[in-house]
Amino acid sequence: MIKRILVTGGAGFLGSHLCERLVELGHDVICLDNFFTSQKTNIAHLLGRTNFELVRHDVTLPCWLEVDEIYNLACPAAPGHYQFNPIKTLKTSVMGAINVLGMARRCRAKVLQASTSEVYGDPEVHPQREDYRGNVNPIGPRACYDEGKRAAEALFMDYHRVNRINIRIVRIFNTYGPRMHPFDGRVVSNFIRQALQGEDITLFGDGLQTRSFCYRDDLVEGMIRMMENPEEFIGPVNLGNPDEFTVKQLAELVLELTGSSSKIILEPLPVDDPTRRRPDISLAKEKLNWQPSIALRQGLERTIAWFRSIDLNHYRPPTPNY
């Protein structure tokens with residue numbers, strides 16, 4: 001059945017790929033974005049499609065559309081972006097959730113919240129399961145994002161309990177791939193950009209903190225499966241790659257794949273930066289029959305090839321370099 005689907009944050013890194021997949025599936029797709037951290041070039045190739053339209057709008061403001069499904073991805077997701085204007089970040093998570101939930105209630109639409117592994121904070125449980133309540137500093141510099149996403153989850157659950165809204169919640173772990181903003185401050189984009197430009201590779205702390213990196217195609221597939229899943233399973237569910245790497249291992253692999261002669265240097269660890277991060281995806285396997293299929297080396301090769309193809313002068317850092 002052809003559905004009318006709204007994707008907030010649809011011109012962003014993940015949002016643009018989600019829009020692309022939904023358009024190819026034949027749905028009518030509305031991309032809503034205010035272009036704070038996203039790029040119009042991400043969705044330029046879709047503008048000529050008859051089943052795609054672009055709306056420039058800020059999700060913190062009400063928007064009246066008639067839709068069957070909503071994917072709520074609107075929010076700066078990289079530390080350098082969300083810390084640039086922390087109050088706006090918190091508003092985007094909270095007011096954005098209220099606005100899309102209000103639309104879902106009016107339209108009787110199904111709505112998916114793109115939450116984050118950051119709801120677990122600097123975890124004391126490893127790997128992280130969905131029933132872990134987290135170790136988050138509510139007043140630290142990352143709280144605007146961490147607590148904003150936690151509040152959004154609370155809103156989704158209350159709208160579900162009180163108004164019977166058909167919701168879905170996915171918790172996204174580190175994701176990478178083509179169309180990452182080169183200046184978003186994430187380790188993958190930082191390392192690739194620095195390596196290709198012959199700059200020093202900056203590691204925070206001792207480089208032994210761990211992350212799990214999921215390629216964007218796998219992640220988008222998981223989101224679509226969650227939206228299409230039977231109504232009784234609403235989540236939250238972890239979406240990420242359970243393979244765990246140190247940040248130093250990632251830097252060394254990027255240097256190998258780029259053939260760069262860049263040197264690795266150490267910088268102080270940012271406040272509240274998680275030291276370990278790895279999803280338990282047992283629930284996603286059970287309920288969605290989903291698990292990642294693209295290994296880190298393969299995904300990095302594709303991402304590096306994309307970075308080589310772009311002109312960095314066309315990407316202004318939307319915030320100070322992080």
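Analyst: The model is predicted. A residue is called buried when its relative accessible area is under 20%. Six of the six residues of strand E6 (residues 167-172) are buried, so the strand is largely enclosed by the rest of the structure.

User: How do you know which way the residues of E6 point, and are they buried or exposed?

Analyst: Ile167, Ile169 and Arg171 point one way from E6, whereas Arg168, Val170 and Ile172 point the other way. All of these residues are buried, and buried means under 20% relative accessible area.

User: What makes a set of residues a nonpolar core, and how many residues does the largest one have?

Analyst: The members must be buried residues of the nonpolar types that the definition lists, joined through side-chain atoms within 4.5 Å. The largest such core has 61 residues, and those with the most contacts inside it are Leu18, Tyr71, Met223 and Leu300. Leaving aside residues up to four places away in sequence, leucine 300 touches Tyr176, Val188, Ile192, Leu250, Leu253, Val254 and Leu257. A second, separate core has 25 residues, including Val59, Val100, Val111 and Ile165. In soluble globular proteins, nonpolar side chains tend to be buried together.

User: Why is the space lined by Leu6, Thr8 and Leu32, among others, called a cavity?

Analyst: The term applies because a 1.4 Å probe fits at its points but cannot get out. The search of the whole structure finds one cavity of 30 Å³ or more, and about 40 Å³ of space lies in the largest cavity. Strand E1 (4-8) and helix H3 (86-107) are the elements that give two or more residues to its lining. H3 gives the most, with three residues. By class, the lining has seven nonpolar, three polar and no charged residues.

User: What makes the second largest pocket a pocket, and which classes of residue line it?

Analyst: A pocket is an open set of points with protein on both sides within 12 Å along at least five of seven lines. About 160 Å³ of space lies in the second largest pocket. Its lining includes Asp131, Arg150 and Arg171, and divides into three nonpolar, no polar and six charged residues.

Definitions and conventions. Residues are numbered from 1 along each chain as its sequence is written. This is a predicted model: local features need pLDDT of at least 70, side-chain atom pairs count only at pLDDT 80 or more; totals for chains, interfaces and linings use all residues. Side-chain values use heavy atoms; hydrogens and water are left out. On a 1 Å grid over the protein atoms alone, a cavity is a set of points where a 1.4 Å probe fits but cannot get out, and a pocket is an open set with protein on both sides within 12 Å along at least five of seven lines; lining residues have an atom within 4 Å of a point. Grid points are joined across faces, edges and corners, and a volume is the space filled by probe spheres set on the points. Helices (H or I, at least four residues) and strands (E, at least two) are DSSP runs, numbered from the N terminus. Ala, Val, Leu, Ile, Met, Phe, Trp, Tyr, Cys and Pro count as nonpolar, Asp, Glu, Lys and Arg as charged, and the others, Gly among them, as polar. Buried means under 20% relative accessible area, exposed over 50%, partly exposed in between (1.4 Å probe, protein chains only). Contact means heavy atoms within 4.5 Å.
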